[in-house]
Amino acid sequence: MTTFTESASTALQLIASMDAELLTIVGRSLTVSATACALACSLGLVLGAWLGVGRFAGRGALLTLLNTFLAVPSVLVGLVIYLLLSRTGPLGFLGWLFSFKAMVIAQAVLVLPVVTALTRQTVEDAQNLHGEQLQSMGARPLMRSLLLAWDERYALLTVLIASFGRAVSEVGAVMIVGGNIDGFTRVMTTAIALETSKGDLPLALGLGLILLSVVLLLNVLIAAVRRWREYQESGVTPSLPLGVSV
């Protein structure tokens with residue numbers, strides 16, 4: 001208990017004093033995750049909206065494959081990307097292994113199925129409610145998918161926030177492809193794992209508290225978006241969320 005108390009006290013001091021090493025790791029982690037989410041969401045929103053409206057042969061098999069990717073372990077994704085970017089791999093000429101770019105790719109690959117699957121479900125539910133009306137007005141599948149996605153923009157905003165939470169809390173894949181190099185590819189999750197194994201509990205705990213705060217903030221944003229959506233649909237002024245749930 002004494003060790004925990006001392007570590008927690010030192011961790012809070014590191015955060016309060018804006019420790020340079022801690023801030024560098026946090027900044028790099030947030031940058032990697034934000035970049036990965038921007039890439040994954042740009043493709044995932046479009047693909048998910050199309051899958052929510054489109055009807056074609058093999059769609060069921062494609063959705064099964066998509067749902068399978070949701071459960072793929074992050075270390076497996078990291079291993080595949082490692083093999084692709086290694087010197088003997090097909091993308092080895094890029095020289096991206098153990099770099100910022102490699103971590104972005106790993107997180108983007110992990111987030112893409114999440115964004116696509118959640119967007120597909122959201123748009124398909126909207127399609128079941130309003131699709132026939134849009135179709136009777138002459139809207140083609142592509143136009144319907146765009147209109148329905150815009151109509152569900154608040155729900156899709158929560159998808160984007162949740163995808164960032166998935167990316168920023170990832171450790172396995174970025175550890176493999178990034179190498180956890182001090183000053184270059186060390187992010188919050190990999191630093192926590194390393195510092196804990198080294199016995200530097202204050203820094204690990206400080207990073208853990210910041211990571212927990214980021215996740216908490218994301219959940220608050222999701223709750224706020226849901227309340228705002230209820231307000232938009234009902235016209236009742238939303239109250240501030242007292243509890244947060246995802």
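This is a predicted model: local features need pLDDT of at least 70, side-chain atom pairs count only at pLDDT 80 or more; totals for chains, interfaces and linings use all residues.
## The nonpolar core

The largest nonpolar core has 49 residues. Leu-22, Met-188 and Leu-207 have the most contacts inside it. The elements that give two or more residues to this core are helix 2 (20-53), helix 4 (74-85), helix 5 (100-136), helix 6 (141-151), helix 7 (153-168), helix 8 (172-178), helix 9 (188-198) and helix 10 (201-234). Helix 5 gives the most, with eleven residues.

## Val-168

Val-168 is found in helix 7. Its relative accessible area is 1%. Buried means under 20%, so Val-168 counts as buried.

Val-168 and Met-188 are 20 residues apart in sequence. In space, their C-alpha atoms are 8.2 Å apart. Besides Met-188, Val-168 touches Ser-29, Leu-30, Ser-33, Thr-189, Leu-211 and Val-214, again not counting residues up to four places away in sequence.

## A nonpolar surface patch

Val-75, Leu-76, Leu-79, Val-80, Leu-83, Leu-84, Leu-91, Phe-93 and Leu-94 form a nonpolar patch on the surface. Together they have about 780 Å² of accessible area.

Phe-93 sits in the loop between helix 4 and helix 5. Its relative accessible area is 68%. The cut-off for exposed is over 50%, so Phe-93 is exposed.

Methods: Residues are numbered from 1 along each chain as its sequence is written. Side-chain values use heavy atoms; hydrogens and water are left out. A nonpolar core is a set of buried Ala, Val, Leu, Ile, Met, Phe, Trp, Tyr and Cys residues joined through side-chain atoms within 4.5 Å. Buried means under 20% relative accessible area, exposed over 50%, partly exposed in between (1.4 Å probe, protein chains only). Helices (H or I, at least four residues) and strands (E, at least two) are DSSP runs, numbered from the N terminus. Contact means heavy atoms within 4.5 Å. Patches are made of residues with over 30% relative accessible area and no salt bridge: like charges are joined within 9 Å, nonpolar side chains (Val, Leu, Ile, Met, Phe, Trp, Tyr) within 5 Å. Accessible areas come from the Shrake-Rupley method with a 1.4 Å probe; for residues, only the protein chains shown count as cover. A salt bridge is a side-chain nitrogen of Lys or Arg within 4 Å of a carboxyl oxygen of Asp or Glu.
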